[in-house]
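Please examine the sequence and the three-dimensional structure shown below. The paragraphs that follow lead through them step by step.

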Amino acid sequence: MNSEVINILTMAKVIQTAVAPVFLITGIAATLGVLSNRLARITDRARQLERKLKVSIDEDFNKSLTTELRALLKRSRCIHIAFSLSVLSALLVCAVVMCLFLSHIQSINLSVTIASCFVAAMALLICGFLSLLCEVFLATRSMRRGMIFADIDIND
């Protein structure tokens with residue numbers, strides 16, 4: 001077989017190998033969309049509460065608003081961490097794809113680098129999902145405490 005044909009076939013195998021990480025990037029992008037939406041809702045709610053806090057003179061009401069604002073701040077921190085970790089994970093997956101092609105084009109063994117980047121990307125993604133889970137727990141806890149839906153009786 002011609003060496004040019006062999007080279008094209010091996011490049012095709014590299015492309016096939018790179019497809020799975022590209023799908024992973026797509027999944028991470030979807031996760032980033034979810035995180036962005038959650039952060040936008042938290043930000044909108046915090047702005048709404050800040051406006052109420054500026055005009056209210058009732059001390060008890062202001063205290064409850066401040067408590068809810070603190071809870072929203074904790075939630076936004078979790079989302080920020082999840083977002084950052086997910087973006088770093090996506091960057092490492094991109095590095096995996098790039099290293100796959102560089103390894104083939106330059107004929108150098110980057111298997112340890114590729115494996116390390118992929119493992120690090122998965123670890124970052126796991127931590128990002130854990131941070132998202134923490135934010136969901138905080139949101140649920142806030143709701144149960146009556147900070148968001150104070151006028152709803154749960155026993156009805």
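**Helices, cores and annotated spans**

Over residues 79-105 the chain is 100% helix and 0% strand, and the end C-alpha atoms of this stretch are 39 Å apart. Helices (H or I, at least four residues) and strands (E, at least two) are here DSSP runs, numbered from the N terminus. Residues 111-138 likewise form a span that is 100% helix and 0% strand, with end C-alpha atoms 41 Å apart. Both stretches, together with residues 14-35, carry the annotation "transmembrane region" in an unreviewed UniProt entry; UniProt positions are given in the numbering used here, feature names are shortened, and annotations may be inferred rather than shown by experiment.

The model is predicted: local features need pLDDT of at least 70 and side-chain atom pairs count only at pLDDT 80 or more, whereas totals for chains, interfaces and linings use all residues. Residues are numbered from 1 along each chain as its sequence is written, and side-chain values use heavy atoms, with hydrogens and water left out.

Helix α2 comprises residues 59-106. Its 48 residues should span 70 Å at 1.5 Å a residue, and the end C-alpha atoms, 69 Å apart, agree with this; the expected span is 1.5 Å times one less than the number of residues. At the N-terminal end, aspartate 58 caps α2 through a side-chain oxygen 3.3 Å from the backbone nitrogen of aspartate 60. After α2 comes serine 107, with a positive phi near 55°.

Within α2 lies asparagine 62. This residue is buried, at a relative accessible area of 13%, where buried means under 20%, exposed over 50% and partly exposed in between (1.4 Å probe, protein chains only). Beyond its neighbours within four places in sequence, asparagine 62 is in contact (heavy atoms within 4.5 Å) with Leu53, Ser56 and Ile57.

A nonpolar core is a set of buried Ala, Val, Leu, Ile, Met, Phe, Trp, Tyr and Cys residues joined through side-chain atoms within 4.5 Å. The largest has 16 residues, and Ile28, Leu35, Leu49, Leu72, Ile79 and Leu132 have the most contacts inside it. Helices α1 (3-55), α2 and α3 (111-144) each supply at least two residues of this core, and α2 gives the most, with seven. Apart from this core lies another, of ten residues, including Val97 and Ile114.

Finally, the cysteines: cysteine 94 is partly exposed at 37% relative accessibility, as is cysteine 127 at 39%. The count of disulfides (cysteine sulfur atoms within 2.5 Å) is zero.

Definitions and conventions. A polar contact is a pair of N or O atoms within 3.5 Å; within protein, one must be able to donate a hydrogen and the other to accept it, and residues adjacent in sequence count only if both atoms are side-chain atoms.
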